[in-house]
Amino acid sequence: NAEPVAVPEIKDILEVKKVNLTDLENFNTGIYKLNKILGGFYMGQVILLTGERGKGKSTLASQFGTMAVKAGYNTFFYSGELMDWYFRNWLDFQVAGDSHINKSRNPYGDFDYSVDGSIYPQIEKWYGGKIKIYDNNIIQEDEHDDLLETIEKAITRYSCRAIFIDNLMTAMNDDIASDLNRQQTAFVRKLTHIAKRFNVVIFLVAHPKKNQTGKYTFNNDDV
């Protein structure tokens, strides 16, 4: 009278919910051709942003963040390299737009740029309460949550639906010297689990590695 025991990891294809992509929760990328290809950024995804150093990965990530806010989603940013005031200043330039950027020539013959002060009340009203950032001022020796736990709290306590991590190497707090590839794989796997579990979208900035000539290459294995 024995009955076969079901395998929880295996299900019939008919058990899979039919989904129309146009009905899934997503927000606009803000870039026409990219939006045409991807259809937007969908919740439950982990999106990898990569490129050469200094070529705009972080700027692009923060631009996507403004699109998330525009779509009505609370957003969380982690930057392992920028001070909080520098990050806010960087973000303000994008939110203000070129029509509210002042341009002046400095003594060295170059141009300096600044956000028009009159627009700040409007900027603050637009993103106030909607953008959270990781506090880099926390002393590393003090007891505090690791980044993954902090991300979960940003999601559950502050309703953040778009998460930005800049960048992979500064985000991992394990001993990466022991096995770098394994640590990276484990970290991204945990991010994927968080994205699916909480139905959020996570953007991860990652640098490519240099080849033997000292130049960056862009095969999948180089990221």
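Trainee: What should I know before I start reading?

Mentor: The model is predicted, so local features need pLDDT of at least 70, side-chain atom pairs count only at pLDDT 80 or more, and totals for chains, interfaces and linings use all residues. Residues are numbered from 1 along each chain as its sequence is written, and side-chain values use heavy atoms, with hydrogens and water left out.

Trainee: Where is K57 placed?

Mentor: Helices (H or I, at least four residues) and strands (E, at least two) are DSSP runs, numbered from the N terminus. K57 belongs to helix α2, residues 57-70.

Trainee: What does the side chain of K57 reach, then?

Mentor: The backbone oxygen of G51, at 3.0 Å. The backbone oxygen of E52 also lies 3.0 Å from a polar atom of the K57 side chain.

Trainee: How do I read strand β9?

Mentor: Look at its sides and its partners. In β9 (residues 201-206), V201, F203 and V205 point one way, I202, L204 and A206 the other, and all are buried. Strands pair if DSSP finds at least two bridges between them. β9 pairs in the parallel sense with β3 (residues 46-50) over five bridges; I47 stands opposite F203 and L48 opposite L204. Five bridges also join β9 to β8, again running parallel, with V201 as the bridge partner of A162.

Trainee: And the core?

Mentor: In soluble globular proteins, nonpolar side chains tend to be buried together. A nonpolar core is a set of buried Ala, Val, Leu, Ile, Met, Phe, Trp, Tyr and Cys residues joined through side-chain atoms within 4.5 Å. The largest one here has 26 residues, and F27, F41, L49, F164, V201 and F203 have the most contacts inside it. Helix α2 gives the most to this core, with five residues. Apart from it lies another core, of 22 residues, including I165, F187, I194 and I202.

Definitions and conventions
A polar contact is a pair of N or O atoms within 3.5 Å; within protein, one must be able to donate a hydrogen and the other to accept it, and residues adjacent in sequence count only if both atoms are side-chain atoms. Buried means under 20% relative accessible area, exposed over 50%, partly exposed in between (1.4 Å probe, protein chains only).
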